[in-house]
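Please look over the sequence and the structure shown here before reading the report.

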Amino acid sequence: MEKKGTLCFVVALLGIISAGAGFAAEVTRVKASQVTLELGECVYPRSPALVLSLISAATLLMGQIIINFSTGCFCCKRNNAQSHSSNWTKALCFYIVSWITFMTAVGLLLTGAALNDRRGEQVYKDGGIYCYVIKPGVFAVGAVLSALSSIFGVFYYQTLNSKAKDASNAPIPSQGGIVMAQPQFPSENPGFVNGDAYNKRQFN
């Protein structure tokens, strides 16, 4: 129980760090008002959003690895006798949602990091110069999905562990009250007469 609580605490903490770094990246991303034009070239200011988004993705990945390493192969547990129980169904749902939110969050964070770190890229259109700037909300959505991925990962771990515990404590079925025992003395064959008894009957 202590190990289970510690693992859930570590994963939740990594999820909080990931979400916090993602929101910090959203706040510190390069805005359109911060981009200047010098000699026909877009000049972008330095921003910590790149480092923060990478930290967010890395901590989220660590939490996902810890959860999946601790639970083992999820598909291998389908052969368990309790595979069709409600706990197993809920664990499967948490598992799928956790992975979907994880992959989406990592994709958004890494894409935002790449788009936010552009240098000297501009587009000439209709006689004007346009500079690329990442749209608002990319890092924020990634941060929210990071938190959700960690939450569903903890739910998945707890549900799967509770199922395994219930299965290990299941009572052993009785044998229907049938008692098997061996007789203490061998039964005599009624058709067999020993030699002494035969001789006694012969003289009488």
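The report below goes through a few residues, ring pairs and annotated segments in turn.

## Basis of the report

This is a predicted model, in which local features need pLDDT of at least 70 and side-chain atom pairs count only at pLDDT 80 or more, while totals for chains, interfaces and linings use all residues. Residues are numbered from 1 along each chain as its sequence is written, and side-chain values use heavy atoms, with hydrogens and water left out.

R29 is found in the loop between α1 (2-28) and β1 (36-38); helices here are DSSP runs of H or I with at least four residues, strands are runs of E with at least two, and both are numbered from the N terminus. R29 counts as buried because its relative accessibility is 11%, where buried means under 20% relative accessible area, exposed means over 50%, and partly exposed lies in between, using a 1.4 Å probe and protein chains only. Not counting residues up to four places away in sequence, R29 touches Q34, S47, A49, N116, I134, P136 and F139, contact being defined as heavy atoms within 4.5 Å.

Side chains of opposite charge can pair when their charged atoms come close. A salt bridge is a side-chain nitrogen of Lys or Arg within 4 Å of a carboxyl oxygen of Asp or Glu, and by this rule the count comes to one salt bridge. R29 forms a salt bridge with E26, with 3.2 Å between the closest N and O atoms, and both R29 and E26 are buried.

## V43 in strand β2

V43 belongs to strand β2, which covers residues 41-43, and V43 counts as partly exposed because its relative accessibility is 30%. Leaving aside neighbours within four places in sequence, V43 is in contact with Q34, V35, T36 and E38. V43 and C131 are 88 residues apart in sequence, and their C-alpha atoms are 8.7 Å apart in space.

## Aromatic pairs

The structure holds five aromatic pairs; rings of Phe, Tyr and Trp (its six-membered ring) pair if their centres lie within 6.5 Å, and planes under 30 degrees apart count as stacked, over 60 as edge-to-face and the rest as tilted. One of them is the tilted pair of F94 and F152, with 6.1 Å centre to centre and 40 degrees between the planes. This pair links distant parts of the chain, since F94 sits in helix α3 (residues 86-116) and F152 in helix α4 (residues 138-168), 58 residues apart. F152 is partly exposed, with a relative accessible area of 23%.

Y95 and Y156 also form a tilted pair, at 5.2 Å centre to centre and 55 degrees between the planes, and this pair too links distant parts of the chain, with Y95 in helix α3 and Y156 in helix α4, 61 residues apart. Y95 is partly exposed at 23% relative accessibility, whereas Y156 is buried, with a relative accessible area of 1%. Ring pairs also link F94, F152 and F155 into a cluster.

## Annotated segments

In an unreviewed entry, UniProt lists residues 48-71, 92-116 and 136-157 as "transmembrane region"; the positions are given in the numbering used here, feature names are shortened, and annotations may be inferred rather than shown by experiment. Over residues 48-71 the chain is 96% helix and 0% strand, with the end C-alpha atoms 35 Å apart. Over residues 92-116 the chain is 100% helix and 0% strand, and the end C-alpha atoms are 36 Å apart.
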